[in-house]
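Here is a short report on one structure. Look over the sequence and the fold first, then read on.

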Amino acid sequence: MTDPGERLRSSLAADQSSAAASGVGDWDSPIAMEALRATRVLHAADQEPFPAPGRIRVITIANQKGGVGKTTSTVNLGVALALYGLRTLVIDLDPQGNTSTALGVEHTVGTPSVYDALVGDRTLSEVVHPTTASPNLLCVPATIDLAGAEIELVSVVAREHRLRRAIEAHIHGLPADQRPHYVLIDCPPSLGLLTLNALVAGDEVLIPIQCEYYALEGLGQLLSNIDLVRAHLNPGITVRTILLTMYDGRTKLADQVADEVRKHFGDLVLTAVIPRNVRVSEAPGYGQSVLTYDPGSRGSTSYVEAARELAQRGATLGQSDRPGAPGPPGSSPAGALAVTEDGAVPARGTSRTQESQ
Ligand SMILES: Nc1ncnc2c1ncn2[C@@H]1O[C@H](COP(=O)(O)OP(=O)(O)OP(=O)(O)O)[C@@H](O)[C@H]1O
Ligand SMILES: [Mg+2]
């Protein structure tokens with residue numbers, strides 16, 4: 001398996017040689033290196049931007065096991081994508097509202113939230129909030145009202161499709177050059193109606209797996225639920241990414257879990273691994289992502305690497321990568337969302353050729 005320490009060392013070696021080449025003094029000290037890494041993250045806008053995906057990627061971050069890093073990954077991947085130039089919309093679908101907290105977005109009762117779009121008749125555009133992390137990053141917060149949604153939705157028509165329809169209407173209503181490249185949906189730790197809505201709304205699933213004992217427990221149930229959703233509700237949904245979280249290099253167990261996951265899921269597992277890092281867990285207390293709270297920390301740089309990999313994989317995705325989404329010959333598959341060469345994102349069902357005519 002890829003040793004995250006080795007990854008970090010090679011990135012440091014690259015930093016050191018570029019520092020030496022630029023004639024900057026003694027970069028051997030850990031503090032200087034951390035400062036250099038922090039500068040890179042903080043000045044992400046000056047770095048090469050991440051490549052835009054071939055179509056809008058709606059990624060559902062799910063694992064019904066609690067505390068595995070769903071929220072932390074949604075927040076930090078979202079901030080990294082946004083800092084590196086990609087328009088990103090994060091949707092908090094967990095009544096705990098942790099994503100909203102970590103992004104510093106108001107989510108007290110009464111705040112326009114995802115509940116109003118799911119159960120009420122507000123559009124998503126009416127409940128989107130800006131974030132301080134980046135102008136590229138918007139957030140739909142969750143308030144505690146969402147706790148009742150599981151029950152309230154039961155009697156609603158097309159209850160499993162509410163979020164998908166809200167996202168589609170939102171995207172259609174935006175000019176092409178303002179549409180998000182990425183939509184990340186943070187799920188609660190359950191397989192109820194909220195997670196079902198997220199699986200119907202998404203094109204792909206990202207599963208964070210904590211490098212701990214029992215990490216794989218319950219995964220079979222999640223995967224068979226995804227199969228059921230694919231068979232009955234959303235033919236396009238597929239597990240495209242696995243992210244190893246809270247890796248503790250001091251324990252053999254973390255390596256064993258990581259090996260096991262890689263054996264099982266192969267290329268779906270990102271090479272970047274998120275280490276257990278105290279700065280990651282401190283950041284939400286300040287209403288921040290770790291990238292803005294402590295940009296030079298290992299937690300921050302590993303989330304940047306994971307987001308970079310996600311974006312690089314996304315750049316090669318074509319519209320035909322939505323399995324089971326048929327479309328008329330010569331057009332994009334139904335529901336596919338494309339990105340034009342200038343970074344604008346046409347709505348679902350509009351092919352590149354149609355757009356450029
Ligand atoms: N890489 C990390 N290093 C240290 N702590 C972490 C890391 N990732 C997450 N944590 C901490 O672990 C806890 C659980 O993480 P998080 O809330 O992201 O999980 P979750 O899957 O969203 O949980 P839930 O199922 O309750 O929604 C949080 O306190 C978080 O700050
Ligand atoms: Mg969470």
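Where is the place of Val239? Val239 sits in strand E7. Strands here are DSSP E runs of at least two residues, helices are H or I runs of at least four, and both are numbered from the N terminus.

## The model

This is a predicted model, in which local features need pLDDT of at least 70, side-chain atom pairs count only at pLDDT 80 or more, and totals for chains, interfaces and linings use all residues. Residues are numbered from 1 along each chain as its sequence is written, while chains are lettered from A and ligands numbered from 1 in the order in which they are written.

The protein chain holds 14 helices and 7 strands. Of its 357 residues, 48% count as buried. A buried residue has 20 or more other C-beta atoms within 10 Å of its own; an exposed one has 12 or fewer; partly exposed lies in between, and C-beta atoms are placed from the backbone. Contacts are pairs whose C-beta atoms, placed from the backbone, lie within 7 Å. Among contacts between residues at least 6 apart in sequence, 74% join residues at least 24 apart.

## The sheet

7 strands form an open sheet with mixed pairing. Their order is E3-E4-E2-E5-E1-E6-E7. The edge strands are E3 (129-130) and E7, and each pairs on one side only. Two strands count as paired if DSSP finds at least two bridges between them.

E1 (residues 57-61) runs parallel to E5 (residues 182-186), joined by 5 bridges. Thr60 stands opposite Ile185 in E5. E1 also runs parallel to E6, through 3 bridges. There, Ile59 has Glu204 of E6 as its bridge partner. E6 and E7 pair in the parallel sense over 7 bridges. Ile209 has Leu244 of E7 as its bridge partner. In E6, 6 of the 7 residues are buried, so this strand is largely enclosed by the rest of the structure.

Val239 has 18 C-beta neighbours inside 10 Å, so it counts as partly exposed. Setting aside residues up to four places away in sequence, Val239 touches Val205, Ile207, Ile226 and Leu268. Val239 and Ile207 are 32 residues apart in sequence, yet 7.7 Å apart in space, C-alpha to C-alpha.

## Helix H10

H10 covers residues 252-265. At 1.5 Å a residue, its 14 residues should span 20 Å, and its end C-alpha atoms are 20 Å apart, which agrees. The expected span is 1.5 Å times one less than the number of residues.

Which residues of H10 are buried? They are Ala254, Val257, Ala258 and Val261. They cover an arc of only 100° around the axis, so they lie on the same side of H10. The arc is that of the directions from the helix axis to the C-beta atoms. An α-helix has 3.6 residues a turn, so residues three or four places apart point the same way. On the other side of H10, Lys252, Asp259 and Lys263 are exposed. The cover over the buried residues of H10 includes strands E6 (204-210) and E7 (238-245). Gly266 follows H10 with a positive phi, near 50°.

All of H3 is inside: 14 of the 14 residues are buried, so H3 is largely enclosed by the rest of the structure. Just after H3, Gly85 takes a positive phi of about 95°.

H3 (70-83) and H11 (278-282) each supply at least two residues of the shell around ligand 1. H3 gives the largest share, 3 residues. There are 19 residues around the ligand, and Lys70, Thr71, Thr72, Pro189 and Ser281 come nearest. A residue is near if its C-beta atom, placed from the backbone, lies within 6 Å. By class, the shell has 6 nonpolar, 10 polar and 3 charged residues. Ala, Val, Leu, Ile, Met, Phe, Trp, Tyr, Cys and Pro count as nonpolar; Asp, Glu, Lys and Arg as charged; the others, Gly among them, as polar.

## Two loop residues

Ala158 has a positive phi of about 50° although it is not a glycine. Ala158 lies in the loop between H6 (149-152) and H7 (162-172). With 9 other C-beta atoms within 10 Å, Ala158 is exposed.

Met246 is not a glycine either, and has a positive phi of about 50°. Met246 lies in the loop between E7 and H10. Met246 counts as buried, with 22 C-beta neighbours inside 10 Å.

Terms used:
Two residues are in contact if their C-beta atoms, placed from the backbone, lie within 7 Å.
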